[in-house]
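Hi there,

Here is the structure I promised to pass on. Please have a look at it first, and then read my notes below.

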Amino acid sequence: MKFFIDTANLDQISEAQSLGILDGVTTNPSLMAKEGITGKQNIIDHYKKICSIVDGDVSAEVISTDFEGMISEGELLAALHPQIVVKLPMIKDGIKACKYFADKGIRTNVTLVFSSGQALLAAKAGATYVSPFLGRLDDISTDGLHLISEIRHIYNNYGFQTEILAASIRHTMHVIDCAKIGADVMTGPLSSITGLLNHPLTDIGLAKFLEDYKKGN
Ligand code: E4P
């Protein structure tokens, strides 16, 4: 399972990278705005900074909603760095753009996916990643994990190579449940990754080992 961090915060990206288990970064316009990164050039510079910190894939989202706009924006983003994956919204022109980029060998992440039908279309268009938003479904009392299972089942049926990127992860149990289902990737906040470190028995056990070591020395 690949671990992506879902943020545009450079300190958090660096912290996750320093763990040695980070496979990539996802961003979106809201995450950029949260860090105060606005304006085309600043956003582009920020993507370059993120690519200089991590080794893996960095999803960079287009803001156009028409085919031509997505193509020109996506080509510009893809040319920034080999680690960039063009993030496209799950709308009709997004699917057309996804197919266009797939044919050109440019990697894509189809985002804002909330149904297995949408995920099927993304796979048929040759998406590198499909991003079902688990947490946002849970937020409206709909079983986000069920969607991830359905997509896994459908992709397995036909051998689609599109990787399931479980997005909108909110906490550690989402990560565990997605791993059980067989999602290829998770993306979530730093806390959903570092939270996996914790167990009180580890802390108690370590304290006891260190205490016993001191007794013998
Ligand atoms: C995915 O790539 C999105 O950036 C993200 O996971 C959305 O998460 P949210 O629902 O917590 O905003």
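Predicted model: local features only at pLDDT ≥ 70, side-chain atom pairs only at ≥ 80, totals over all residues.

Residues are numbered from 1 along each chain as its sequence is written, and side-chain values use heavy atoms, with hydrogens and water left out.

Pockets first. A pocket here is an open set of points on a 1 Å grid over the protein atoms alone, where a 1.4 Å probe fits, with protein on both sides within 12 Å along at least five of seven lines; lining residues have an atom within 4 Å of a point. Volumes are the space filled by probe spheres set on the points, which are joined across faces, edges and corners.

The largest pocket has a volume of about 350 Å³. Of its 23 lining residues, Asp 6, Asn 28, Leu 31, Ser 168 and Pro 189 are the closest to the centre. Helix α2 gives the most to this lining, with three residues. The lining divides into six nonpolar, 11 polar and six charged residues (Ala, Val, Leu, Ile, Met, Phe, Trp, Tyr, Cys and Pro count as nonpolar, Asp, Glu, Lys and Arg as charged, and the others, Gly among them, as polar).

The second largest pocket comes to about 260 Å³. Its lining has 13 residues, and Lys 40, Ile 43, Glu 61, Ile 63 and Glu 73 lie nearest its centre. The largest share, four residues, comes from α3. By type, the lining of the second largest pocket splits into eight nonpolar, two polar and three charged residues.

That brings me to α3 itself, residues 40-53 (helices are DSSP runs of H or I, at least four residues, and strands are runs of E, at least two, numbered from the N terminus). Ile 44, His 46, Tyr 47, Ile 50 and Cys 51 are buried in α3 (under 20% relative accessible area; exposed is over 50%, partly exposed in between, with a 1.4 Å probe and protein chains only). Seen down the axis of α3, its buried residues fall within an arc of 160°, so they line one face of the helix (the arc is that of the directions from the helix axis to the C-beta atoms).

Finally, Tyr 100 sits in helix α5 and is partly exposed, at 28% relative accessibility. Leaving aside residues up to four places away in sequence, Tyr 100 touches Phe 67, Ile 71 and Glu 75 (contact means heavy atoms within 4.5 Å).

Best wishes

Key. Expected span 1.5 Å × (residues − 1).
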